[in-house]
Amino acid sequence: MGLAGRDEGEKGFEMIVPKYHIKKNDLVMVINGKEKGKSGRVLKVHPGKEKVLIEKINFVKRHARPHGKQRQGGILEKEAPLHISNVMLLCEKCNKPIRIGHRVLEDGKKARFCRKCGELLDK
Ligand SMILES: [Zn+2]
């Protein structure tokens with residue numbers, strides 16, 4: 001199954017809006033753009049901007065000007081945030097981007113789980 005690079009293929013997406021299900025430290029895969037197919041841990045979620053920063057993904061080179069005594073000039077490489085719609089949660093067990101479900105655990109906590117293999121993503 002190829003991952004469609006565009007949104008048109010996602011009409012059967014039920015009520016799941018991926019952007020609400022991604023949290024810091026989640027393992028995600030990029031499904032769009034130049035980093036498509038790469039995966040990494042979420043370092044930061046910017047809920048207001050709907051962006052996520054992912055470890056070692058989407059490096060951008062920045063020309064840093066010498067800035068007082070803080071640092072020297074040169075080229076810095078840094079992760080840049082991606083739009084949250086370009087990433088999907090990755091199940092470590094399936095090793096694939098997945099659709100998730102929600103389940104209420106015995107202690108009343110809500111947990112997300114992989115709808116493919118049933119693996120809980122919130123432990
Ligand atoms: Zn799974």
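A residue counts as buried when its relative accessible area is under 20%, as exposed when that area is over 50%, and as partly exposed in between. Keep these cut-offs in mind for this predicted model.

**Burial**

| Residue | Relative accessible area | Class |
|---|---|---|
| Cys114 | 1% | buried |
| Cys117 | 33% | partly exposed |
| Arg65 | 68% | exposed |

Cys114 is buried because its 1% is under the 20% limit. Arg65 is exposed because its 68% is over the 50% limit. Of the chain's 123 residues, 30% count as buried.

**The zinc site**

Which residues hold the zinc ion's protein donors? They are Cys91, Cys94, Cys114 and Cys117. Each gives its SG atom, and the donors lie 2.2 to 2.4 Å from the ion. Along the sequence, their spacing is C-x2-C-x19-C-x2-C. The angles between the four donor atoms run from 106 to 113 degrees, so the arrangement is tetrahedral. For four tetrahedral donors, the ideal angle is 109.5 degrees.

The chain has ten strands and zero helices. From the N terminus on, its elements therefore read as β-β-β-β-β-β-β-β-β-β. Take the contacts between residues at least 6 apart in sequence: 41% of them join residues at least 24 apart.

**The nonpolar core**

In soluble globular proteins, nonpolar side chains tend to be buried together. Here, the largest nonpolar core has 15 residues. Ile22, Val28, Val30, Val52, Ile54, Leu82 and Val87 touch the most other members. Strands S1 (27-30), S3 (51-54) and S7 (87-91) each give two or more residues to this core. S7 gives the most, with three.

What does Ile22 contact beyond its neighbours within four places in sequence? The list is Val28, Val42, Val45, Val52, Ile84, Val87, Leu89 and Arg112.

How many aromatic pairs does the structure hold? The count is zero. One ring does have a charge over it: the charged end of Arg103 sits over the ring of Phe113, 4.1 Å from the ring's centre.

Leu76 comes eleven residues away along the chain, and the C-alpha atoms of Arg65 and Leu76 are 10.0 Å apart.

Technical notes. Residues numbered from 1 in each chain as written. Predicted model: local features only at pLDDT ≥ 70, side-chain atom pairs only at ≥ 80, totals over all residues. Heavy atoms only, no water. Phe/Tyr/Trp six-rings, centres within 6.5 Å; stacked < 30°, edge-to-face > 60°. Lys NZ or Arg CZ within 6 Å of the ring centre and 35° of its normal. Core = buried A, V, L, I, M, F, W, Y, C linked by side-chain atoms within 4.5 Å. Buried < 20%, exposed > 50% of the residue type's maximum accessible area, 1.4 Å probe, protein only. Helix = DSSP H or I, 4+ residues; strand = E, 2+ residues; numbered from the N terminus. Contact = heavy atoms within 4.5 Å. Donors = N, O, S within 2.8 Å, 3.2 Å for Na, K, Ca; no water. Tetrahedral: all angles 85-135°; square planar, octahedral: opposite > 155°, others 65-115°.
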